[in-house]
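Here are my notes on the model you asked me to look over.

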2 protein chains.
Amino acid sequence: MSILKKKVLSIIDIARQLGISQSTVSFILNGKAKERRISDATTQRVLKFVEEVGYKPNLLARSFRTGKTNIIGLMVESIANPFFANLARLIEENAYKNGYKILYCSTENDSAKARELIHMFKDRHVDGYIIIPTEGIRDDVNKLAAGGASVILFDRCFEGDAIDYVVLDNFNSTYNATKHLIDQGYKHIGFVSISSLQSQMQQRLAGYEKALDDHSLQHYVKEVGFYLDTNTVVDYIVDFILRKKKLDAVIFATNYLGVSGLKAIKKAGLSIPDNLAVVCYDDLELFELHTPRITSIAQPIQEMSEQLINILLDKLASKNSINHKVTLPGKLIIRESSPKIARRKK
Amino acid sequence: MSILKKKVLSIIDIARQLGISQSTVSFILNGKAKERRISDATTQRVLKFVEEVGYKPNLLARSFRTGKTNIIGLMVESIANPFFANLARLIEENAYKNGYKILYCSTENDSAKARELIHMFKDRHVDGYIIIPTEGIRDDVNKLAAGGASVILFDRCFEGDAIDYVVLDNFNSTYNATKHLIDQGYKHIGFVSISSLQSQMQQRLAGYEKALDDHSLQHYVKEVGFYLDTNTVVDYIVDFILRKKKLDAVIFATNYLGVSGLKAIKKAGLSIPDNLAVVCYDDLELFELHTPRITSIAQPIQEMSEQLINILLDKLASKNSINHKVTLPGKLIIRESSPKIARRKK
DNA sequence: CTGAAAGCGCTAACAG
DNA sequence: CTGTTAGCGCTTTCAG
């Protein structure tokens, strides 16, 4: 053994050096000493030795043997989106606390890519899946779960399927936000969304429409494609708000649409809230620091992350746990972008 | 074999079913058919069969055997920080393109935690390490690299050590930003930073000081602790800008300090740029959408991520590659928060 | 050109 | 109370 080559010991070396068998060592190391009724003396001797030589079990061998990796696959729309990045941070914290690590990937809302990534996770034997699904992977996700995998959806779900999820109460959150604008006196409220069949988008739209219908107000909906680059989206929004001359308020259905919307309103030469009241989804720091501060629909991201991990750990621990379908309320944070219309000068 | 239980085949099953040996199958599957001069007929037969039955090699077994995981460990300060989240997105893209997956973790600038995470990565046999180091893990990182691991630092580095890195030219970026303010006519330029010995912070401070010294101007430095919560930081900054009455401009040395700074300036009842010009680090969307738009020092994040991955892949491919120390220039994006002082009304 | 076989380090069933 | 041992599925050396 050269000086440089720090021989990495295996369980068998330990067993040999202590003159006992590997299984004894293995059981002790896995906390099954009591269960296997191994003597305290032996247990202490092994623990002490392991400590001294700094032995670390080979996790690759263990994973290979057990099929468990202690890795959770996290599939988000994009890790660059502040909402998902913040979620990732919280998920990470809770996961690590419980001995799980996170492998992440971004789908960019591309189903082919999402499908591939699910297989990648499967190939890598991740223990659990946290998935922000795209429209097109419903079947794949169902198949995955049906095959016994522990999977939980976030942000959006497939209604009627058996898969667990944690989502926002998108309908009521949007209903309340719309209602708030109506209460403030706005009568021509626009809704800018992406053209998508994803549940959260559908629910947000439905909440908006219901609130307007309840007050016999007209709908003004603009849907843009998800794949458009920011500049194009901004131009579409500029066009929308300039063409719909009556518009006195707009709700942006996602955080990035909100950001593009703010750019568009600036570009169109309009001012908030004098020409247009604004409500955005997700309470980004940007919305709070904007002038004027933007009224936002905040998601309870801390609680969401905890529920996600807790449910997933629960499923991991006992395969039988079912029906964890969690819908959490959003919180409308009212700021200066949506004042009473009476105070506005047109 | 029950209907539900989709038997997952192994290489040995394939060999048996085709009446050949596992090694032949293994070689073919690993693209070594030519090298091993295996007949085309056999090769095609195996490939076709594998395709038909949808065989997937057990990655756990392969990793166990080879010691390679095709996983890169990414250790950032916090995945929730937009700068690192954006980096993570780009890193992910490049890594996946090359067959590598990413395990991420956040240090929150805690060296004990960072140390633990390095060991975790090591225990998990990640193939390569991308590390945004904390002050205190210099030795650990050096030991890791000395042990033959492929590691590359980002954002900050340890001068004089042999470890590769990709960092911003923090000195000149900050020098130029300070020079810009001086050129615009500002004479009392503050610098808000965190109290830290990290190279990037030291360099930023040095660049600021050099620019002031070159023009015989006074330094106004405020350093806040990294661990303080946002509100406390805001209060410290409020105190700083109110106490230093002469201050006519401030540079914030990190993106989050910039965000806190904007809050502080608002809270102090001052306006940008009339009372105070502002320059921030990192070109966040928030800075561009702020009113007024904030002059920022942008890091070439796209190129940084590419260099990071390329260098790491290079090291992974050939252990001999050394001395990849990359320093990239920042770009000063001049906006309305730092106009010529002549036009200002005090 | 192909096959046999030796492990990699660990877990756990089984045998004392 | 402890030891023996059979794999997990794959890679790769060595022998035909």
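**Notes on the model**

1. Let's start at the DNA. Helix 4 of chain A is the top contributor to the surface near DNA strand C, giving 5 residues. Bear in mind throughout that this is a predicted model.

2. Elements that supply two or more residues here are helix 2 and helix 4 of chain A, along with helix 2 and helix 4 of chain B. By class, this surface splits into 8 nonpolar, 13 polar and 5 charged residues.

3. Now for the other strand. DNA strand D has 27 residues around it, with A:I20, A:S21, A:S23, B:I11 and B:S23 coming nearest. Helix 2 (22–29) and helix 4 (59–66) of chain A, plus helix 2 (22–29) and helix 4 (59–66) of chain B, each give two or more residues.

4. On to the protein–protein contact. Chain A puts in 32 residues and chain B puts in 32 residues. On the chain B side, helix 4, helix 5 (82–97), strand 2 (101–106), helix 11 (255–267) and helix 12 (285–289) each provide two or more. That side is made up of 17 nonpolar, 7 polar and 8 charged residues.

5. Just after the helix, B:G99 adopts a positive phi of about 85°.

6. Next, strand 6 (residues 189–194) of chain B. Because 5 of its 6 residues are buried, this strand is largely enclosed by the rest of the structure. Strand 6 runs parallel to strand 8 (residues 249–252) of chain B, with 4 bridges joining them; B:F191 has B:I251 as its bridge partner there. Strand 6 also pairs with strand 7 (residues 220–224) of chain B, in the parallel sense over 5 bridges, and B:I194 stands opposite B:V224. Between strand 6 and strand 7 the chain passes through helix 9 (residues 199–214) of chain B, in a right-handed β-α-β crossover.

7. Two cis peptide bonds to check. In chain A, the bond from A:T291 to A:P292 is cis, with omega near -5°, and A:P292 sits in the loop between helix 12 (285–289) and strand 10 (295–298). In chain B, the bond from B:I272 to B:P273 is cis, with omega near 0°; B:P273 lies in the loop between helix 11 and strand 9 (277–281).

8. Finally, which non-glycine residue has a positive phi of about 55°? That's A:E108, in the loop between strand 2 (101–106) and helix 6 (111–123) of chain A. A:E108 counts as partly exposed because it has 16 C-beta neighbours inside 10 Å. A:D155, also not a glycine, has a positive phi of about 80° and belongs to the loop between strand 4 (150–154) and strand 5 (164–168) of chain A. With 22 C-beta neighbours inside 10 Å, A:D155 counts as buried.

Key. Residues are numbered from 1 along each chain as its sequence is written. Chains are lettered from A and ligands numbered from 1 in the order in which they are written. This is a predicted model: local features need pLDDT of at least 70, side-chain atom pairs count only at pLDDT 80 or more; totals for chains, interfaces and linings use all residues. A residue is near a molecule or strand if its C-beta atom, placed from the backbone, lies within 6 Å of it. Two residues are in contact if their C-beta atoms, placed from the backbone, lie within 7 Å. Ala, Val, Leu, Ile, Met, Phe, Trp, Tyr, Cys and Pro count as nonpolar, Asp, Glu, Lys and Arg as charged, and the others, Gly among them, as polar. A residue is buried if 20 or more other C-beta atoms lie within 10 Å of its own, exposed if 12 or fewer, and partly exposed in between; C-beta atoms are placed from the backbone. Two strands pair if DSSP finds at least two bridges between them. A crossover is right-handed if, with the strands pointing away from the viewer, the path from the first strand over the helix to the second runs clockwise.
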